[in-house]
Amino acid sequence: MLGRSCEFSMGTMTASDESLRTAILTVDDDPGVSRAVARDLRRRYGERHRIVRAESAAAALDALRQMKLRGELVAVILADYRMPELNGIEFLEQAMDIYPGARRVLLTAYADTGAAIDAINVVDLDHYLLKPWDPPEEKLYPVVDALLEAWLASDHRPVPETKVVGHRWSARSSEVREFLARNQVPYRWYQSDEPEGQRLLAAAGADGRALPVVITPEGEPLVEPTDAELAARVGLATTPSKDFYDLIVIGGGPAGLGAAVYGASEGLRTVLVERLATGGQAGQSSRIENYLGFPDGVSGAQLTERARRQATKFGAEVLTTRDVVGLEVRGSARRVAFADGTFIDAHTVILATGVSYRILDVPGLGELTGRGVYYGSALTETSACLGQDVYIVGGANSAGQAAVYLSRHAKSVTILVRGSSLEKSMSYYLIRQIQDIPNISVRTCTEVIAAEGDDHLERLTLRDTANGSSQTVDAQLLFLFIGGAPLTDWLDAVVVRDPRGFVVAGPDLSVSGERPAGWELDRLPYHLETSVPGVFVAGDARAESAKRVASAVGEGALAVMLVHRYLEKT
Ligand SMILES: Cc1cc2nc3c(=O)[nH]c(=O)nc-3n(C[C@H](O)[C@H](O)[C@H](O)COP(=O)(O)OP(=O)(O)OC[C@H]3O[C@@H](n4cnc5c(N)ncnc54)[C@H](O)[C@@H]3O)c2cc1C
């Protein structure tokens, strides 16, 4: 019996039509979502394929077994990740035993990158889709089309994909995985000391001493590739198409993406330059719950990936892996220089360089970074947390979010806070969530004073700041969220910065309504304008900014309005 929660599409089937014998199965425990997926699938594939819908993993497995018994074919299986009895990965694992050749897609509600990456490795996942997938024409159908094509081609060859062979405790392997995940490039991870990893290394002619080796979907091995090499291989733009723009946006976090969306949509020739991957700090957030319009929260990766697509849709150029190292005034033009010596010019510039994590200066941590010690969320390390005792340093929202997220996988999560409580630094909603999760504990008045381990983190020494006592604990994973510092040294002597390096703008530049020193225009600087006319700052990099996603996006949009005002008056 298929049960109440499973239904077949109404499409009729004739024995002569091979494709109609082929089913596409979708399982999601949320009836509304389940119906919506089935509806979208039916609209496009209902004529030629049977759409099978289930509302629980058990019902879906039942359906697959029955279809197997009836000799039917299943081409594609789409499974929700968050299901109560079996999660999507566990379900797909069992489904593989029944239909090993069926293409597998995981539906992740909040761009659950960690889960999806796990799935690529555990159940040979072909694709993961972020919910909602609207419009299906753009997000769902191209994926299912490609999978059906591959399946119908049908000696069930594996879909080509990027492979990463590396060592569990190699810092660069970890960075490469993070880079691919942040750019939403599906990859499969192989450990270099496991048989399949060794087979791949041998086939690539690599001896395994230089890791990771990334094998492109076309089968070309890249030994220890740089981010720029990877970006180029996975189709991300790295070179500007013009010499001159109306607007150069530096930084691809929420502020920069906001500026790029508004700039390009309002007809400005806009280029955004990002030194790593778009998303900024927000891209590392497992779940943002206070951004307007997302009552159930949204992962930072999903939010910023959508923004990136929106910006490019409006015609903004988005360059990644390009580090800006200089800003120069050349008459009415503003010149932005890259680390490789090349440059581009524009009428205006928006600085949206945000902040980066401060490095914790504690003996042992430097050597172990990337080998059990990670700055930021390091969502790609989620699978490593399975059954482990995980430590998090930090008392702000980012630390709280990470604790909630990692607690789903880890045996225990301990938040180490220097202060005497979380109340001063963390939002009330997160403190309450943390209190309700039994495997999270908070150690206040505690700091890390040493880290040890041979090739990876093995022990931490913690000090009680109240009584000075110290304790050494076994620890394999430590995530640090210790607040940010702006990386603006390259702006020294170009724009005015405060003593901590944040860029000063607008009214903050003027002392009692007077024009700032060196400012030659008749007017005062506009609200987000720096001490250089036509150069604006938005988001976390600005002195006295709110350090929130919404305010960064808002400032990006406002800066574009001021760019228009500047261009009109020059
Ligand atoms: C884990 C985490 C969780 C968070 N959760 C929330 C939340 O729930 N709600 C909320 O409102 N806020 C949250 N925040 C804060 C929020 O993400 C930031 O306020 C926001 O991202 C700031 O946006 P931004 O664009 O100004 O800067 P950033 O996000 O810092 O982006 C700056 C970008 O500029 C790039 N860049 C820097 N220098 C250069 C250069 N020289 N050349 C080229 N590129 C450069 C960086 O690589 C980066 O991508 C969180 C932050 C973190 C770290």
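The protein has 15 helices and 27 strands; helices (H or I, at least four residues) and strands (E, at least two) are DSSP runs numbered from the N terminus. Its radius of gyration is 26 Å, close to the 25 Å that the globule rule gives for 570 residues, so the protein is as compact as a globular protein of that length. Here the radius is taken over C-alpha atoms, and the rule is 2.2 Å times the number of residues to the power 0.38. This is a predicted model, in which local features need pLDDT of at least 70 and side-chain atom pairs count only at pLDDT 80 or more, while totals for chains, interfaces and linings use all residues. Residues are numbered from 1 along each chain as its sequence is written, and side-chain values use heavy atoms, with hydrogens and water left out.

**Overall form**

The C-alpha trace spans about 85 × 60 × 50 Å along the principal axes of the protein. Of the 570 residues, 55% count as buried, that is, under 20% relative accessible area, against over 50% for exposed and in between for partly exposed (1.4 Å probe, protein chains only). The protein exposes about 24500 Å², and carbon and sulfur atoms supply 51% of that area. Accessible areas come from the Shrake-Rupley method with a 1.4 Å probe; for residues, only the protein chains shown count as cover. Among the contacts (heavy atoms within 4.5 Å) with a separation of 6 or more, 65% are between residues 24 or more positions apart.

**The ligand and its shell**

The ligand is surrounded by 32 residues, each having a heavy atom within 4 Å of it. The closest are Glu274, Gln281, Asn290, Gln401 and Asp540. By type, the shell divides into 13 nonpolar, twelve polar and seven charged residues. Nonpolar covers Ala, Val, Leu, Ile, Met, Phe, Trp, Tyr, Cys and Pro; charged covers Asp, Glu, Lys and Arg; the others, Gly among them, are polar. Helix H10 (254-265), helix H13 (397-406) and helix H15 (549-569) each supply at least two residues of this shell.

The table gives polar contacts, which are pairs of N or O atoms within 3.5 Å.

| Protein atom | Ligand atom | Distance |
|---|---|---|
| Arg275, backbone N or O | nitrogen | 3.1 Å |
| Asp323, polar side-chain atom | nitrogen | 3.5 Å |
| Val324, backbone N or O | nitrogen | 3.0 Å |

Taken alone, the ligand exposes 1000 Å², of which the protein buries 95%.

**Glu447**

Glu447 lies in strand E22 (residues 446-452) and is buried, with a relative accessible area of 18%. Beyond its neighbours within four places in sequence, Glu447 is in contact with Arg418, Thr461, Leu462, Arg463 and Thr465.

Key: A polar contact is a pair of N or O atoms within 3.5 Å; within protein, one must be able to donate a hydrogen and the other to accept it, and residues adjacent in sequence count only if both atoms are side-chain atoms.
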